[in-house]
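I opened the notebook for a friendly look through one chain. Here is what I looked up, in order.

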Amino acid sequence: WQENLQNNPAPMLTFPEDDLLHDLIDDYFVHSEPYIPLLHRSTFKKSVAEDLHLRDVGFGQLVLAVCAVASRYGLDPRNMPEGTKSEHSLGWRWYSQISLNMSSFLELPRLYDLQLCLMMTYLQASSISESSWIILGVAMRLAQAMGLHRRQPDQPRTIRRELWIRAFWVIIVYDTYVSMFLGRPRVTTMDDFDVELPMDCDQEFWDNATNEGDVLVQSPPDKCSRTTFWIHYIKLMEIAGLTHKLIYPIRRAAQLRVLGVDGVLSNRKAVMELDSALNAWVSSLPHHVQWDPKQADPILLLQSAMLYSSYHWVQVCVHKKFIPGPNQEAVLNGLPSLAICANAARSCIRIAEACKTPHVPPATLPSVFLSAIILLINFWRVKRSNTMLNSGTEMREVHKCFELLKPLEKR
């Protein structure tokens, strides 16, 4: 009776016309893959050329996810569902065919099942972005069911093994980011896994291996590796995860009382340790991913923008809980949390402005959005305290956020 569920006929999937399909795949690997490394271009395109997406529903859904994400980088009406011309709908025609197959929970998950975490990239720019938090829970449980959360030092780093590891880390990064943004519990924490970091190996060096079972080699040390960015982004998200654990537990105050620990001292210690970790992280960045608004390589520029705007976002997450409320002088005495958050917000705006080509990169939008809120809080608090304030200068910073966000309203 279980086989009846497992052997259900696969749904008929509708794919883009051949010319559009290949354009979308190319757009995905140009505009998305450098910033969320998940797939291997050569083996992916080889599978499409062999029509695997027409025979294997798992791979077919992954192809549709790639098409949905890539649809946002163009304006081809074939990427819209019938009956609308809204740019918000770009890619929905492909995304709406993706479903979580119940037979995946009866059989061992496959790599394609994990790589469908790519759905999150599409959902983040949609009006149902909160649903990504639920899907992340399913994805993480599938990964843990495969044992991907555990280090396996005896296994060679083949293309296939590396793709499993990359899928796991994409889920971890999304889980951390989305949970922090929504103020909800994470599905897992650093205490629950010890998997290896992705290998610092760019796509061009993957291509020295022609089959999924071939062993990968590191990028040469004299090469400005583009994968370096992702490894350091993961390390930053680990600090964000610690922030979630140390600053925002729902029962933190009650637990500290039971242990007889002073909550104010505990919070101060946590903030100091997290600030120290952030300083150590930014000091460890290799030269080619350090922030330089004059960086000539557009990919390295946007990678660096993602790193540094996310760094300032984590800074705000560490301190925003301790911003004094109305008629309150301080939450943690001697800790200028609002000033720290306001400075981080201004830095985020400068980064977003510097890499606007022609629009601010979508990955920096949450930081810009949060920056506007922080600067408004700062404006209102200083105004209420009757402190000398150049309100025109302060509000110009807020309006810069509007200007950065506005061009992408249609998408």
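My entries on an annotated stretch, a helix pair and a salt bridge follow.

I am working with a predicted model, where local features need pLDDT of at least 70, side-chain atom pairs count only at pLDDT 80 or more, and totals for chains, interfaces and linings use all residues. Residues are numbered from 1 along each chain as its sequence is written, and side-chain values use heavy atoms, with hydrogens and water left out.

**Annotated stretch.** I found that an unreviewed UniProt entry annotates residues 363-380 as "transmembrane region"; such annotations may be inferred rather than shown by experiment. In the model, residues 363-380 are 89% helix and 0% strand, with the end C-alpha atoms 28 Å apart. Helices (H or I, at least four residues) and strands (E, at least two) are DSSP runs, numbered from the N terminus.

**Helix pair.** I next checked α15 (residues 298-319) against α17 (residues 365-384): their axes, lines fitted to C-alpha atoms over the stretch in contact, come within 10 Å and cross at roughly 40 degrees. The two helices are therefore oblique to each other. On the α15 side I noted Ser309, Ser310, Trp313 and Val316, which meet Ser367, Leu370 and Ile374 of α17 (contact means heavy atoms within 4.5 Å). The residues of this contact comprise four nonpolar, three polar and no charged.

**Salt bridges.** I counted 16 salt bridges, each a side-chain nitrogen of Lys or Arg within 4 Å of a carboxyl oxygen of Asp or Glu. In one of them, Arg78 pairs with Glu17 at 2.8 Å, N to O. Arg78 sits in the loop between α5 (57-71) and α6 (92-95), while Glu17 is in the loop between α1 (2-6) and α2 (18-31); the two are 61 residues apart.

Notes:
Axes fitted to C-alpha atoms, helices over the stretch in contact; angles between N-to-C directions. Parallel < 35°, antiparallel > 145°, perpendicular 65-115°, else oblique. Nonpolar A, V, L, I, M, F, W, Y, C, P; charged D, E, K, R; others polar.
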